[in-house]
Amino acid sequence: SSRVGSSRPSGAWAGCARTHVNAAAPVRRSAAMGKKRKQTGAQEPAEEERPGKKTKGKFADPSALSSDDLLDRQYKLQCELNEARFARERLRSEPPAQNRILWQREVTRQNCAVHKLESMLADVQREVTKRREKGESL
């Protein structure tokens with residue numbers, strides 16, 4: 001039978017190298033993590049004010065562009081997407097005889113690049129259709 005506060009562990013911990021925690025040991029409580037800033041009243045700077053804050057990628061916000069820039073971006077993204085798809089298919093069509101793991105990582109990286117470009121192009125196309133529905137000339 002096991003007694004509370006005994007120095008010998010029993011049961012599932014009997015063969016374990018861990019030592020038994022003595023219930024009579026003093027318990028120290030440290031300050032809770034993350035509470036200091038709230039207590040002092042310091043405010044976290046807004047996203048725009050943070051130095052070195054990066055944008056989403058090459059192209060952050062299509063709604064901030066002029067119509068000509070938006071159409072140029074759409075064309076460039078379509079070209080980049082076609083190139084990325086071609087590179088991905090070329091890579092997929094030539095599986096290696098050795099080191100298949102590195103090849104698979106490269107295929108995954110190409111897939112991520114294609115998906116990112118598709119997402120960026122979809123954002124731009126969404127903005128183009130939104131402006132056309134408003135009646136703006138593009």
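**Reading a helical core and its salt bridges**

Q: Which residues make up the largest nonpolar core?

A: In soluble globular proteins, nonpolar side chains tend to be buried together. In this predicted model, the largest nonpolar core has 10 residues in all: L70, L77, L81, A84, V114, L117, M120, L121, V124 and V128. The elements that contribute two or more residues to this core are α2 and α3, and α3 gives the most, with six residues.

Q: How many helices and strands are there in the protein chain?

A: The protein chain contains three helices and zero strands, and its pattern along the sequence is α-α-α. Of its 138 residues, 17% count as buried. The accessible surface comes to about 11,800 Å², with 50% belonging to carbon and sulfur atoms.

Q: How far apart are the end C-alpha atoms of α3, and what span should its residues give?

A: The 35 residues of α3 should span 51 Å at 1.5 Å a residue, and the end C-alpha atoms are 51 Å apart, which agrees. For α2, the 26 residues should span 38 Å, and the end C-alpha atoms are 37 Å apart, which also agrees. Helix α3 covers residues 100-134 and is followed by G135, whose phi is positive, near 100°.

Q: Which residues of α2 are buried, and against what do they pack?

A: An α-helix has 3.6 residues a turn, so residues three or four places apart point the same way. In α2, the buried residues are S67, L70, R73, Q74, L77, L81, A84, A87 and R88. These buried residues pack against α3. In turn, α2 (67-92) is included in what covers the buried residues of α3, among them V114, L117, L121 and V124.

Q: With which residues is L117 in contact, leaving aside its neighbours within four places in sequence?

A: L117 is in contact with L77, E80, L81 and A84. Across the protein chain, residues 24 or more positions apart account for 57% of the contacts with a separation of 6 or more.

Q: Is E127 buried or exposed?

A: Buried means under 20% relative accessible area; E127 has 10% relative accessibility and therefore counts as buried. Not counting residues up to four places away in sequence, E127 touches P62, S63 and L70. E127 also forms a salt bridge with K130, the closest N and O atoms being 3.8 Å apart. Because E127 and K130 are three residues apart in helix α3, about one helical turn separates them. K130 counts as partly exposed, at 41% relative accessibility. Elsewhere, salt bridges that share partners join R88, E89 and R92 into one network.

Methods:
Residues are numbered from 1 along each chain as its sequence is written. This is a predicted model: local features need pLDDT of at least 70, side-chain atom pairs count only at pLDDT 80 or more; totals for chains, interfaces and linings use all residues. Side-chain values use heavy atoms; hydrogens and water are left out. Helices (H or I, at least four residues) and strands (E, at least two) are DSSP runs, numbered from the N terminus. Buried means under 20% relative accessible area, exposed over 50%, partly exposed in between (1.4 Å probe, protein chains only). Contact means heavy atoms within 4.5 Å. The expected span of a helix is 1.5 Å times one less than its number of residues. Accessible areas come from the Shrake-Rupley method with a 1.4 Å probe; for residues, only the protein chains shown count as cover. A nonpolar core is a set of buried Ala, Val, Leu, Ile, Met, Phe, Trp, Tyr and Cys residues joined through side-chain atoms within 4.5 Å. A salt bridge is a side-chain nitrogen of Lys or Arg within 4 Å of a carboxyl oxygen of Asp or Glu.
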